[in-house]
Amino acid sequence: MRIGRTRVLAGLDVTVAAGEVVGVTGPNGSGKSTLLRVLATLRRPSRGSLDILGRSWPDVSSPDVRRQIVLVGHDPGLHPDLTLAENLELVAALSGLSPASARRALADVGLAAAADRPARACSEGMRRRSGLARALLCRPRLLLLDEPHASLDAASRPLVAAVADQVKARGGAVVVVTHDLDGAAGHLDRVLRLEGGRLTAEGCA
Amino acid sequence: MNASLVRPLVRAELRAEFRAGEVVMTTIPFAASGLLVAAIAIGADTPLLRRVGPGMLWTIVLLFGSFVTLRRTVSGEPTRQEVLTLLGVDPVIQWVARAASSTVLLLGVIAVLVPVTVVIYDPPLTGLAAQAVAAVLVAVGLGALGTLAADLTASTRSRTSLVPLIVTPLTLPLVLAAVQVQEGAVYAASPWPWLLLAALTDVTIVLAGLLAARPLQEGAV
């Protein structure tokens, strides 16, 4: 996997099974976020093969596969001038779900009181939690979380495990990029360590 | 491809714009000032002002309208676009929603600038139905072209200056048609050839946008 002339991922052979929560760790620039974007079908691997939910590249980029994937990254993709509820209601409308389900998802991550606040007026942690609410709303079969604990206060941190557990309980797979192995260890089935775009260690959490 | 997804996207685009107020608070007052400054520069030559008024209006709409299409959109920013992509929203639907919301906003801009032009330049008010159709065709063409140009330049650093550079020459048939429809109304000439030119320009731009939407977005993957 190359970005421009830089090789970002190389020789990576990873399988994530249904019902599994896998952690990915490693130093900055080791390719963790790129791996998530490849798994989210938002980046095309320059070499090798990619199979997601039983489909191979380029079929994995079809809308019916992508609808089963949720990526919650550093930027949760909110429009700053819409409220948290309006942002999530748009997601609900585009997914054929009711506006009420969007508000329920926000309530599930403790954002009921902030639902009508513009995203620009919300803290980083609240915006992060709204990303988790999107994951609850869309009920993905593949959930990809990029540093989900960042900006979350101690009270909100268990939400990450709760959301991952919900996906896992439905038979979905979860990949969590994290520097905070201690915080995530309780709900990870396996941990991969990347360095320089290569898998350098793999083991049980 | 589910066309019913356009509606919630356009609603969200317009809601975000009205709340941000970029067009209402910045573009429209700036464009109205442009009309006023141009009139002051021309001077107190009333017949000349009446003659050049429509041309000034469409020039100002063209210049400021391209910035309307560059506003921060619900579906245009990279991360939000990725969220929509993972929701299975076809790139063509995303493009149509952005072009449609730009068109609505441009119609709003034109609706405000027309009375401003009437007050400042006092142009002859004839053939209003044909001029209204011309205004809609200009808004559709400019909205679609600006959206397409914004997509083409999405990954460039000088996007804000590149888009007007791409849009301005390509909208000349629209501006020409709108001005000629107004001129034709004064001299009782048929507006149809000019409306047809504007409509053909719109169809060409919209087709180009629809065809380019998917390759442009998938090419970024």
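Analyst: Gly110(A), which comes just after helix 4 of chain A, takes a positive phi of about 75 degrees. This is a predicted model, in which local features need pLDDT of at least 70 and side-chain atom pairs count only at pLDDT 80 or more, while totals for chains, interfaces and linings use all residues. Residues are numbered from 1 along each chain as its sequence is written, chains are lettered from A and ligands numbered from 1 in the order in which they are written, and side-chain values use heavy atoms, with hydrogens and water left out.

Helix 4 of chain A spans residues 99–108 (helices are DSSP runs of H or I with at least four residues, strands are runs of E with at least two, and both are numbered from the N terminus). Its buried residues are Ser101(A), Ala102(A), Ala105(A) and Leu106(A), where buried means under 20% relative accessible area, exposed over 50% and partly exposed in between, with a 1.4 Å probe and protein chains only. Because these residues cover an arc of only 145 degrees around the axis, they lie on the same side of helix 4 of chain A (the arc is that of the directions from the helix axis to the C-beta atoms). They pack against helix 3 (84–94) and helix 5 (124–138) of chain A.

The axes of helix 3 and helix 4 of chain A are 8 Å apart, at an angle of about 125 degrees (axes are lines fitted to C-alpha atoms, for helices over the stretch in contact, and angles run from 0 to 180 degrees between N-to-C directions). Helix 3 of chain A is therefore oblique to helix 4 of chain A, given that angles under 35 degrees count as roughly parallel, over 145 as roughly antiparallel, 65 to 115 as roughly perpendicular and the rest as oblique. The crossing of this pair in chain A is right-handed, meaning that the near helix is turned clockwise from the far one by less than a right angle. From helix 3 of chain A, Leu84(A), Ala85(A), Leu88(A), Glu89(A) and Ala92(A) take part in the contact, and from helix 4 of chain A, Pro99(A), Ser101(A), Ala102(A), Arg103(A), Ala105(A) and Leu106(A) do (contact means heavy atoms within 4.5 Å). By class, the residues of this contact are eight nonpolar, one polar and two charged, with Ala, Val, Leu, Ile, Met, Phe, Trp, Tyr, Cys and Pro counted as nonpolar, Asp, Glu, Lys and Arg as charged, and the others, Gly among them, as polar.

Since phi came up with the glycine, two further sites in this chain belong beside it. Most residues other than glycine have a negative phi. With a relative accessible area of 54%, Arg139(A) is exposed. Thr41(A), likewise not a glycine, has a positive phi of about 65 degrees, and its place is in the loop between helix 1 (32–39) and strand 4 (51–52) of chain A. Thr41(A) counts as buried, because its relative accessibility is 0%.
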